[in-house]
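Here is my note on the model you sent over.

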Amino acid sequence: MKGVVGVFGDLLAFVLEVAALGFLAWWGWSAAEPVVLRGLLAVGVPATAATAWGLFAAPKARIRVPLAGVLVVKALVFGAAALALAGLGHGTGAVVFAVVAAVNTAMVTVSRRAAGHREPS
């Protein structure tokens, strides 16, 4: 059974994942001038990240990869989100987001591996 720390870690992981998609969408909307291109980027960039996450990094991923592969996908999505946030002029927020995402991912990974799970969420 999970303790308070485990539940908090999983909840924070979910919030970070949703925030990453939001930052990517925000960047996509701000990255281009024509409204059509803005819309495509605002939908396409986070959709691509969510697809990669669902295929390789989710607890019930469609394609099972070693833990290193899961962590690479997470690093790419969280890293892209941090870069997107920095590109929007929120450098401090980007650093805070990246650090919190990295620490939480590490903690959840260690916790789940100790409990016998294949991968973190």
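1. The chain has 4 helices and 0 strands. Read from the N terminus, the order of elements is α-α-α-α. This is a predicted model, and the remarks below should be read with that in mind.

2. On overall dimensions, the radius of gyration is 15 Å, close to the 14 Å that the globule rule gives for 121 residues, so the chain is as compact as a globular protein of that length. Along the principal axes, the C-alpha atoms fill a box of roughly 50 × 30 × 20 Å.

3. Of the contacts with a separation of 6 or more, 61% are between residues 24 or more positions apart. Buried residues make up 33% of the 121 in the chain. The accessible surface is about 7100 Å², and carbon and sulfur atoms account for 76% of that surface.

4. The largest nonpolar core consists of 20 residues. Ala 20, Trp 53, Val 77, Phe 78, Ala 81 and Phe 97 have the most contacts inside this core. At least two core residues come from each of helix 1 (4-30), helix 2 (35-57), helix 3 (67-87) and helix 4 (91-114). Helix 3 gives the most, with 8 residues.

5. Phe 97 deserves a look in the viewer. Leaving aside residues up to four places away in sequence, Phe 97 touches Leu 16, Ala 19, Ala 20, Phe 23, Phe 78, Ala 81 and Ala 82. Among these partners, Ala 20, Phe 78 and Ala 81 are also listed with the most contacts inside the core.

6. Is Asn 104 buried or exposed? This residue of helix 4 has a relative accessible area of 5% and counts as buried, because the cut-off for buried is under 20%. Beyond residues up to four places away in sequence, Asn 104 touches Gly 9, Leu 12, Ala 13 and Leu 16. Leu 16 is also one of the residues that Phe 97 touches.

7. Helix 4 gives the most to the patch, with 4 residues. Val 5 lies in helix 1. With a relative accessible area of 63%, Val 5 is exposed, since the cut-off for exposed is over 50%.

Technical notes
Residues numbered from 1 in each chain as written. Predicted model: local features only at pLDDT ≥ 70, side-chain atom pairs only at ≥ 80, totals over all residues. Heavy atoms only, no water. Core = buried A, V, L, I, M, F, W, Y, C linked by side-chain atoms within 4.5 Å. Buried < 20%, exposed > 50% of the residue type's maximum accessible area, 1.4 Å probe, protein only. Contact = heavy atoms within 4.5 Å. Rg over C-alpha atoms; globule rule 2.2 N^0.38 Å. Areas by Shrake-Rupley, 256 points an atom, 1.4 Å probe, with all protein chains shown as cover.
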